[in-house]
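Thanks for asking me to look this over with you. Here are a few notes to read alongside the model.

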Amino acid sequence: MTSTIATRASAGIAPSGRRAGSMGLWLVMLAQLMLVLDATVVNVSLPHIATDLHFTRAQLSWVLNGYAVAFGGLLLLGGRIGDVFGRRRTFLVGVAVFTVFSLLGGLATSPLLLVIARALQGLGAAFAAPSVLALITTSARDDGARNRALALFSAVASMGGALGLILGGLLTDMANWRWTLFINVPIGVVVLVAVPRLVAETPRRPGRFDILGAVTATGGAVAIVWALIQAGDDGWSSPRTIGGFVVGAALITVLAFTERRVAHPLLRPQLLRSPSRVAALAAMAATYGGMLAMFFLMVQYLENDLHLTPLLTGLAFLPMPLSIFAMSRIVPRLVERFGAVRLVMLGAALRVVAFLPLTQLSPDTPFAIVMVALLLTGISAGMTFMPLTTLALRNVEPEHAGSASGLFQTMQQLGGAVGLAIVASTYAAFAVPGDFLTGGRAGFWSATILSALALAAVVGLVIRPRKVA
């Protein structure tokens with residue numbers, strides 16, 4: 001009995017009984033939902049934000065990408081800090097930073113202030129998110145419990161984006177766009193007060209911090225995303241666009257060079273020696289990039305072309321969270337029966353099928369086609385996220401769980417930022433003033449190609465099933 005309690009305490013769940021541990025897990029999941037929601041909750045409000053704060057078309061995507069780049073670029077550092085200083089402590093610091101800058105973002109009076117607040121929200125999220133997944137993976141009693149917990153986490157991760165659109169529409173219609181940021185404040189306060197009572201601290205582990213790795217990873221991501229967005233306005237051959245890509249590539253090269261030589265690397269090279277893990281990371285990046293870009297385009301189509309209110313726009317996405325939730329109930333059994341790789345491949349193929357009709361949108365397109373595309377996208381996301389998480393975290397030692405989960409979520413967030421930047425740039429390059437569809441169709445083609453890349457990333461694993469059995 002004593003050893004069981006000690007094990008649970010070291011894993012991060014308070015040793016005050018199964019019920020308290022379950023409540024602690026749900027509170028941590030609530031915080032994770034808040035972090036995921038914030039990637040899309042302002043999406044429905046983008047037209048209103050652009051009008052109120054006078055954003056240009058190119059600047060507007062930074063409301064989403066400012067958060068995603070900071071989140072993704074600093075996730076590895078956040079995971080490492082959690083391993084060294086304790087995951088609960090790091091989680092609480094991250095939630096506190098996220099909550100404060102949610103409030104300040106809601107009070108922003110200029111595009112620059114809002115983008116800065118969004119980036120600092122991403123900083124808080126980068127500290128909190130790796131500890132969430134690490135606490136889940138290390139506290140499971142057995143493989144079955146671990147798969148169920150990962151299914152719940154994956155449902156939150158994939159369903160949160162669509163729920164953010166619905167919540168954003170509701171808040172924008174009932175109040176204004178600022179409440180899409182203010183809503184985080186009471187949630188953050190509840191988590192900060194309750195989690196220390198229900199979740200135990202994890203042991204500290206010795207180590208140093210790879211500051212150079214954090215700077216080069218974040219700087220490289222910012223430079224590449226900036227260059228992709230600028231390409232829509234300045235052109236792909238402009239000096240600023242090329243300069244951004246050169247700076248980004250140089251910083252990523254420095255990152256790759258130094259991580260092999262520092263004593264405590266931010267990105268552990270051995271985590272990339274597993275073909276299944278590398279394929280899962282690539283598939284997650286392309287999957288989330290395509291989905292976040294689809295959200296960005298679909299909101300503008302529904303509000304600008306179909307003239308739906310923000311609330312109706314959010315409700316139009318309802319098939320997605322419902323189908324994701326339904327799939328999360330059966331995916332663990334499907335993984336046990338058919339294997340994670342085959343399920344990911346089927347989900348990726350289904351997402352390509354869902355996106356293809358959106359590349360042919362016209363003023364006469366039946367709304368039912370849009371709804372079916374959203375439904376299929378939700379089913380494919382529910383079928384994909386949990387198996388990808390399983391592949392990415394398989395055979396990771398407990399002491400490296402924070403770093404591995406940080407790497408996985410880094411690829412998710414940076415994939416979303418890069419995918420959105422590519423699609424936003426394509427949309428801007430083909431855009432015609434007053435006509436969304438001309439640029440929108442080109443953007444949807446880009447999102448479809450990203451989904452096809454996710455499919456390609458896992459096809460090779462089917463050819464080598466013994467390697468990932």
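1. Let's begin with His307, which counts as exposed at 63% relative accessibility (exposed is over 50% relative accessible area, buried under 20%, and partly exposed in between, with a 1.4 Å probe and protein chains only). His307 sits in the loop between helix H13 (275–305) and helix H14 (310–316). Its phi is positive, about 60°, although His307 is not a glycine.

2. A word on the basis: this is a predicted model, where local features need pLDDT of at least 70, side-chain atom pairs count only at pLDDT 80 or more, and totals for chains, interfaces and linings use all residues. Residues are numbered from 1 along each chain as its sequence is written, and side-chain values use heavy atoms, leaving out hydrogens and water. Helices (H or I, at least four residues) and strands (E, at least two) are DSSP runs, numbered from the N terminus.

3. Now please find His54, in the loop between H3 and helix H4 (57–60). His54 is not a glycine, yet has a positive phi of about 65°. With 64% relative accessibility, His54 is exposed.

4. Is Val42 buried or exposed? Val42 is buried, at a relative accessible area of 1%. You will find Val42 in the loop between helix H2 (18–37) and helix H3 (46–53).

5. What does Val42 contact, neighbours within four places in sequence aside? The partners are Ile49, Val63, Leu64, Arg118, Thr180 and Leu181, where contact means heavy atoms within 4.5 Å. Leu181 lies 139 residues from Val42 along the chain, with 7.7 Å between their C-alpha atoms.
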